[in-house]
Amino acid sequence: MTTRIFDRETILDLTVNFIPLAIILFFVVGYAVVNPFGWDPLASGLQFALLVVPFALLAVLTYLSGKAISQAEDERPVYLPGQATVSGAEPIEERESEGAIEGDAGGES
Amino acid sequence: MQITGQLALTVLMGIFLVGVAAWLARVENWRSYTPLASGGGGAHGTGHAEKPSGVIRWLTTVDHKDIGILYGFFGIISFVVGGLMVLGMRIELFDPGATLISESFYNSLLTNHGITMLFLFGTPIIAAFSNYFVPLLIDADDMAFPRINAIAFWLLPPGALLIWAGFLPLGDIVPAQTAWTLYTPLAAGVGNGNQANAGVDLLILGLHLTGVSATMGAINFIATIITERAEEVTWANLDIFSWTILTQSGLILFAFPLLGSALVMLLLDRNLGTTFFAVEGGGPMLWQHLFWFFGHPEVYILVLPPMGLVSYILPRFSGRRLFGFKFVVYSTLAIGVLSFGVWAHHMFTTGMDPRLRASFMAVSLAIAIPSAVKTFNWITTMWNGKLELTTPMLFCIGFVANFIVGGVTGVFNASIPVDLILHDTYYVVGHFHYVIMGAIAFALFAGMYYWFPIYTGRMYQRRLGKWHFWLTMIGTNLTFFSMLILGYAGMPRRYATYLPQFSTLHQLTSVGALILAAGTIIWAYNFATSWIEGPKVQDGDPWNLEETGMHTAEWEWFDRKIETAVTDGGEEESVVADGGGERDDA
Ligand code: HEM
Ligand SMILES: [Cu+2]
């Protein structure tokens with residue numbers, strides 16, 4: 001199930017949040033290795049908590065939102081954002097196969 | 001004798017209030033306001049068939065579009081008030097001494113400019129857009145809780161009066177001089193100054209009201225976007241503006257109640273002798289931590305929806321859809337989470353533990369990524385696109401340009417060694433004004449122009465729109481770039497006077513502010529006259545979005561509305577067939 005939800009496309013979309021996660025991770029390791037201010041249970045504990053908590057929360061939210069969006073994509077037709085209720089609007093896949101929108105280098109397709 | 005007099009007055013007052021209630025109950029059939037729950041059968045968002053006329057309509061409305069307009073007017077009045085305050089300051093700063101106004105009055109203007117612009121202009125004007133358009137975009141009949149929506153708005157005017165009370169002729173009350181950050185011990189009324197004055201208490205109470213208002217609005221938006229979407233509008237189909245409003249509402253929900261609590265603690269310290277922020281109690285640093293735990297999310301509360309507006313509008317004049325739509329969605333959510341983990345970057349110089357400081361720097365650098373990603377998305381969307389330089393598009397491009405400067409200067413601030421030098425200088429003022437004025441206000445103007453036909457039924461004057469844009473763009477960059485240089489040169493912020501060597505740069509800044517004022521006057525004139533007598537828009541697609549396949553739900557709603565109006569025969573000297581043919585000349 002998980003593998004189906006997080007297909008290659010979704011993972012690619014999520015990379016945008018992997019980068020800040022990686023930066024935080026970099027500093028976690030960095031501050032563990034380079035530690036000019038010494039070790040103190042409270043201060044050092046807070047120091048790492050301030051990195052680990054946002055990391056964890058961001059990871060969880062990224063997972064949940066990625067899941068919600070890709071499930072919605074599987075279950076119902078996907079329109080251009082804001083067009084789902086416009087009469088006569090066509091789902092994105094059909095449009096693309098017809099080549100209705102050109103020069104669209106990226107996006108979610 | 002005295003007591004009977006008071007009693008009589010009380011009874012009179014009571015009778016008067018009962019009379020008012022009875023009168024309202026008579027003119028109002030309150031039940032007619034309940035939006036159609038569902039049976040509206042395709043009557044999209046038109047659950048408000050019966051509305052009273054005149055002032056009563058505006059006082060009693062629970063229609064999300066009316067409330068949006070109310071928020072808009074309120075925001076614009078605040079923008080004017082806050083703008084006049086800063087003009088006073090900038091004119092004073094034309095020369096080094098305190099010639100025009102006293103230092104203490106300068107401090108009052110400074111304090112109230114900041115609070116007015118952030119709490120009475122920024123948040124409400126965003127709510128104007130979200131109220132009007134989110135229900136249309138997700139095809140909801142109205143907000144989930146229409147009456148809470150109305151209450152949330154109506155808390156704002158009393159809040160504004162309380163905040164501005166110090167300037168009103170009310171006996172001994174003086175305006176606050178605490179700066180918008182309300183740092184203790186000054187804001188706790190300690191010391192020999194006059195900040196123990198009731199004017200500061202009233203300001204704090206007013207702030208508290210606006211916080212309650214924002215929180216109620218946020219709960220409403222979360223409920224609306226999660227539960228009231230039409231079936232077709234899945235998470236994958238939700239437009240970017242609604243995404244940013246959803247995220248913003250989440251931030252408000254966690255940030256504003258905290259501000260409210262801190263404000264109550266401050267009031268207790270001031271009036272009941274508690275020691276939350278006293279040196280012998282919780283200490284002044286406690287205030288700073290609480291304030292900035294709210295304060296940093298607040299800046300993203302202000303910037304996320306404008307980012308959504310730009311992401312929404314910019315592709316329509318680039319002839320192609322938003323590049324990497326989902327990148328923008330996920331990075332919006334990332335900003336939402338991370339914005340709660342960076343607050344102490346406003347406190348790097350306070351002598352806090354260097355280990356904690358290091359962590360706040362790390363997360364501050366990480367949060368710059370999602371913002372940068374969006375910038376690249378906007379640029380890529382325009383790349384090789386068919387750009388049409390209409391006024392809303394110009395403001396979108398201006399947004400991107402100014403946001404780059406604002407964001408990059410923010411990253412510099414986030415680096416501890418740099419910030420130790422630049423903190424509390426004009427550099428910081430330049431940084432956040434590039435974002436707040438250069439980006440946020442620009443996006444809001446883009447939205448006002450883009451949707452002008454929808455909420456007025458008319459078209460604005462294009463030439464004046466362009467004047468407005470260019471004056472604002474030039475004014476913004478002149479004003480705030482000068483501030484960045486002033487900061488590098490060592491000019492501290494929040495002073496009514498300065499050393500003569502800063503004269504030239506300060507004068508440039510003030511000239512920029514006057515240019516901004518000129519642009520704003522043109523804008524106000526344009527909107528007022530066009531609203532009253534601009535050419536009527538005849539079809540629901542004034543921007544010719546259908547051509548590029550970029551038509552969206554709110555314009556379709558508008559189209560239906562026009563058609564219904566035409567059958568009513570509500571005509572005037574209708575000039576326009578080419579809608580707001582702005583596209584033609586661009
Ligand atoms: C791109 C990411 C950003 C970073 C890394 C950043 C970083 C910073 C830092 C470190 C400061 C403190 C400077 C000091 O006082 O010495 C600061 C101040 C400020 N920033 Fe940003 N910022 C960013 C984006 C924004 C945005 C988007 C806004 C507004 C919507 C904003 C509004 C402010 C405000 C209002 C202040 C000054 C608060 C005060 O002291 O009165 N910043 N920023
Ligand atoms: Cu901040």
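Here is a tour of salt bridges, stop by stop. Keep in mind that you're looking at a predicted model. Over all chains, the count comes to eight salt bridges, and we'll visit some of them.

**Stop one: across the chains.** Select A:Glu73 and B:Lys326 and show their side chains. They meet in a salt bridge, with N to O at 2.4 Å. Colour by chain and you'll see that this pair crosses between chains: A:Glu73 sits in helix α3 (residues 41-75) of chain A, while B:Lys326 belongs to helix α10 (residues 325-338) of chain B. Which of the two is buried? That's B:Lys326, at 7% relative accessibility. A:Glu73 is partly exposed, with a relative accessible area of 25%.

A:Asp13, A:Glu73 and B:Lys326 are linked in a network of salt bridges.

**Stop two: helix to helix in chain B.** Next, pick B:Arg270 and B:Asp201. Their closest N and O atoms are 2.7 Å apart, in another salt bridge. B:Arg270 lies in helix α8 (residues 240-271) and B:Asp201 in helix α7 (residues 198-227), both of chain B, so the pair ties together parts that are 69 residues apart in sequence.

**Stop three: B:Lys65 and B:Asp63.** Finally, zoom in on the salt bridge between B:Lys65 and B:Asp63, where the closest N and O atoms are 3.5 Å apart. Are these residues buried or exposed? Both B:Lys65 and B:Asp63 are buried.

Notes. Residues numbered from 1 in each chain as written. Chains lettered and ligands numbered in written order. Predicted model: local features only at pLDDT ≥ 70, side-chain atom pairs only at ≥ 80, totals over all residues. Heavy atoms only, no water. Salt bridge = Lys/Arg side-chain N within 4 Å of Asp/Glu carboxyl O. Helix = DSSP H or I, 4+ residues; strand = E, 2+ residues; numbered from the N terminus. Buried < 20%, exposed > 50% of the residue type's maximum accessible area, 1.4 Å probe, protein only.
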